[in-house]
Amino acid sequence: MKKYNRLFLFAGYNKDNIIDDALVYYVSALSKFGDVIVCMDSDCTKHETDKLKTYTIHTIAKRHGEYDFGSYKRCYQYARDKKLLNKYDYVYLVNDSVFGPMFDMTNTIKNIEAKSTDAVGMIISKHKTHKFMESWFVKLNKKIFTSSWFDEFISNVKSEEYKYIITVKYEHGLTNLIQNYNCSWGGLYTYRGRYTYNNPLGLFKHGCPFIKKASFIRHNGDCGKQIKYILQHADFGAALSTIVSANRVYGENYMNWLLTGNPIEIFMRKIKYIIQKTKNG
C-alpha cells in the first residue's frame, strides 16, 4: 500500500499534559500509512512530544481550548503554510477519542479509499432528522482539502462556550458544508444514535479497529464485558497500551471492576443502568 499519498491531521488532548502509551501507539500505527501532524490541546513538555518524533513530521503541544477542530485547524495550517498539501491525495482528520487500532488497519484504509465519495467517515451517525460523519476519523480528498471554502471553514474554528455548539457548528457543519459545495460523502458504517459508544463489540465484529473511550464509562460500566472480549482478541500491543492508559485515566480499581468476569456483577450493572434510565425518563 502506497504510504506517502496520505496526511493524517491528529488531534489530541490530555488533562495532565502527557502523551500516553495509547496515543503513541495510535500515532505510530498511522505513521505506517502516511505522514502525521499532531496537535495536542495540552501544554506538553519537549520530553513528552519527543515520544512522537519518530512517527510525526510535526508536533504542536499548546493549550488552545478549541477542542479537536482547533487542533485540526493548527495541523492543517501548518501543512498549508509549509506548502505540503498538494503532495497528498488524501487528508485524514483523526482524534484520540478512541483506543486502538486493535488490529492492523490495512483493510480499513483500503475500504475507506475504495469508496467513491469525496469524503468518507469511519462512522455515519444517523439520527431522526439528520445524519453526519463522526469527526474522529474522516478522509477528505484533494477536491475538498485544497478548496478555498474548506480553508475558510477550518481557519475560522474558534473556542465556543458549550461543547454541543462545537458538535453542531463543526462536526455536523463539516458534513453540511461538504454537501452544500456539491461534494459527496459517505461512511464505512452507519449506525443510529449512540451505537458507537454503547456497542463496542458490535463495531469490532463489523471490522472497526477502535473502541470509543466513552464506552469505558457508559451506562454504569455496562460495556465492560464487551471491552474485555475486544482486549482479549486484540493485537497484544493495542491491548497493552489501552490497559496501561485506561488504568492511569480511570484507575486500576475501576478497570479491574469494569473487566470482571463475574456474571452476577455484570448483571447488576445492567439492572442499575436500567433503573437509572427509568428514573431519568
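Reader: What share of the contacts with a separation of 6 or more comes from residues 24 or more positions apart?

Author: This is a predicted model, where local features need pLDDT of at least 70, side-chain atom pairs count only at pLDDT 80 or more, and totals for chains, interfaces and linings use all residues. Residues are numbered from 1 along each chain as its sequence is written, and side-chain values use heavy atoms, with hydrogens and water left out. A contact means heavy atoms within 4.5 Å. Among contacts in the protein with a separation of 6 or more, the share from residues 24 or more positions apart is 72%.

Reader: How many helices and strands does the protein have?

Author: Both are DSSP runs, numbered from the N terminus: helices are H or I with at least four residues, strands E with at least two. The protein comes to 13 helices and 10 strands.

Reader: What is the radius of gyration of the protein?

Author: The value is taken over C-alpha atoms, and the globule rule is 2.2 Å times the number of residues to the power 0.38. For 281 residues that rule gives 19 Å. The protein is close to this, so it is as compact as a globular protein of that length, with a radius of gyration of 19 Å.

Reader: What percentage of the residues count as buried?

Author: Buried means under 20% relative accessible area, exposed over 50%, and partly exposed in between (1.4 Å probe, protein chains only). Of the 281 residues, the buried part is 52%.

Reader: How many salt bridges are there?

Author: Side chains of opposite charge can pair when their charged atoms come close. The rule asks for a side-chain nitrogen of Lys or Arg within 4 Å of a carboxyl oxygen of Asp or Glu. By this rule the count is 14.

Reader: Which parts does the salt bridge of Arg 248 and Asp 16 tie together?

Author: The N to O distance of this salt bridge is 3.0 Å.

Reader: Is Lys 15, the salt-bridge partner of Asp 16, buried or exposed?

Author: The closest N and O atoms of Lys 15 and Asp 16 are 3.4 Å apart. Asp 16 is partly exposed at 39% relative accessibility. Lys 15 has a relative accessible area of 61%, so it counts as exposed.

Reader: How far apart are the N and O atoms in the salt bridge of Arg 80 and Asp 81?

Author: Arg 80 is partly exposed, at 30%. Asp 81 is exposed, at 51%. Their side chains meet at an N to O distance of 2.9 Å.
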